[in-house]
Amino acid sequence: MEGTSKVIHAMYTDDDVLMAAVKKVRAERYHIEEIYTPFPVHGLDKAMGLAPTRLAITSFLYGLVGLVVSIVMIDYMMIEDWPQNIGGKPSFSYLENMPAFVPIMFELTVFFAAHLLVITFYLRSRLWPFKKAENPDTRTTDDHFLMEITAGDNVDEQFDILRNTGAVEVTLIDKAH
Amino acid sequence: MYTISNRLKTFSIILIVLGVLGVAYGFMTSHKSLEEVKTMLVEEHAHEGNETSVSEHVEGAENTVSNHADVAHDDGHAIHVQEQLAKRPWSAMYVSALFFMTIALGVLAFYAIQIASQAGWAPVLYRVMEAISAYLLPGAIIVILLAVGSHYIGHHNEIFIWMNPEVVADDKLIQNKSGYLNITAFLIRAIIFIAGWSTYRYFARKFSIAQDNAEPGDNRNFKKSFRIAAGFLVFFMYTESIMSWDWIMSVDPHWFSTLFGWYVFSGMIVGGITVIAMVAIYLKGKGLLPMVNNSHIHDLAKYMFGFSIFWAYLWFSQFMLIWYANIPEEVVYFVSRIEDYKLLFFGMLVLNFVFPFLILMNSDNKRVPWFVMMGGVVILVGHYIDLFVMIMPATVGDRWYIGIPEIGSVLLFGGLFLLVVLTSLTKAPLAPKGNPFIKESENFHY
């Protein structure tokens, strides 16, 4: 077994059947490695027991970074470094001229929050150009749903359970590492 | 079916009684004779003088200037202050009356939007919205009575100076606007607005209840309700804009702003949604709205969050455009507010924007009733201050104070609002069971 591990692929053609199958498989205490679906299935993450995402929290923090960057930048350029009189705008302190800076503060906050969030998402889900697709079966991008579970000692029993959940196709796969 | 508990009824009547006492006190103490005002001013200056001798020299310099003016200070100043003092109880009542009226109007607009957009989540809350909007008719009539009453009752204490013929006589700017700003036109417009809004509210309520009693599958009343909601929204957008010029912006008849109507609207809708959420949470706490789940509260809280930001966006757009261009005839509006109302003017930005922004951003917080309640109280206080800062600088100027007349007025109209809303809640079952979207709404889950 060294170097390889066995997994079972169960194929479904309906997301409702898949949801029921996920609940059944989890009740049987088999470990679900991964599920491949052609579109987001509402509530699948809850059924699988996945932890909620923390991307929103990172986005908030990135927004704060953007706000600080904009404040420090404008304060340095407009107030500290070269405080000119431009059309009578008061440049004695940051606060006095702040309304004029708010559009930039807002945009940079949004810019940082949005772009760093997207980059975080790409890093966390390992997505980049020229990445080799990890799809075990091309049908899962069209109209099939695939559940991958770790093969235990009693593969036949697992096969029976999966067939009973409505799987249209169950296969044992040797995964080379 | 909801029944008002005796405790709540007594509570709102106590509020009204306390409010009447406060308002009466305000009227009794506000009408001072010219002599009294003069002695008051002299005392004030003597007091200020004492302070400056102790405090920093910068303040001292300022006061020397004003003391010099005092030497030459004539009756004109005293008369001006006398009028400001006389206007205070009227303005205090007007701000409170507007505050509760705009909440009811905001709720009515929100209700019409939900019906016209065929929202699937909202029907379980329709009866709450209908009940709150019941205050619109009495509330709007009170606003008009106060606006016009301040001109006809008493002497030189009108909230709107363009109603005072002596002021208009030597004011070219107001004379040029008198084709629009005169009492007859003001009343005609007000009657059109109030009649239009109340007619919509009357029929929407009627169709909503008729839909309850209709045969299953008979959606005629629902369709009628949909059509009038769409029509009302068009009417509302026009009348709300004009209402904000008439009832709020014209306290400063020398000043104008184009996005003022939207600004007033953003304030009223955020106040309205907040009150919907608070009433729904209260009723749910009593076990009377079992079909409202925390996803509904979450949705309302999202609206509170979003419209708070919308309010801040409009507030800032109006402020920044005028501040940036700094055209004297426009900027006096903000100069007077920043000079005399600094704490309120910027404080309400914290209450209406920063606080809801930080508190209601988290998705989990929006499901927690006491969090939404707390955010709601802050938003309502902030919205009251918003109206206070719109009206008061034009009527009482730097003679403002949040004292007995102001608090009394809030209690008076707050009690009345509570009484009208709760009475209206008792008149129909809390679940609009005939609504075609009711099933979807009951199962709403986010």
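The model is predicted, and local features need pLDDT of at least 70, while side-chain atom pairs count only at pLDDT 80 or more. Residues are numbered from 1 along each chain as its sequence is written.

Nine residues of chain A are in contact with seven of chain B (heavy atoms within 4.5 Å). The two chains bury about 640 Å² between them (accessible area, 1.4 Å probe, lost on being put together and summed over both). Carbon and sulfur atoms carry 82% of this area. Phe60(A), Lys89(A) and Pro99(A) supply 64% of what chain A buries against chain B, more than any other three residues. Helix α4 of chain A (residues 98-124) gives the largest share of the touching side, four residues. Helices are DSSP runs (H or I, at least four residues).

Helix α10 of chain B covers residues 220-248. Its 29 residues should span 42 Å at 1.5 Å a residue, and its end C-alpha atoms are 39 Å apart, which agrees. The expected span is 1.5 Å times one less than the number of residues. α10(B) bends by about 25° at Phe236(B) (the angle between axes fitted to the seven residues ending there and the seven starting there).

Key:
Chains lettered and ligands numbered in written order. Heavy atoms only, no water. Helix = DSSP H or I, 4+ residues; strand = E, 2+ residues; numbered from the N terminus.
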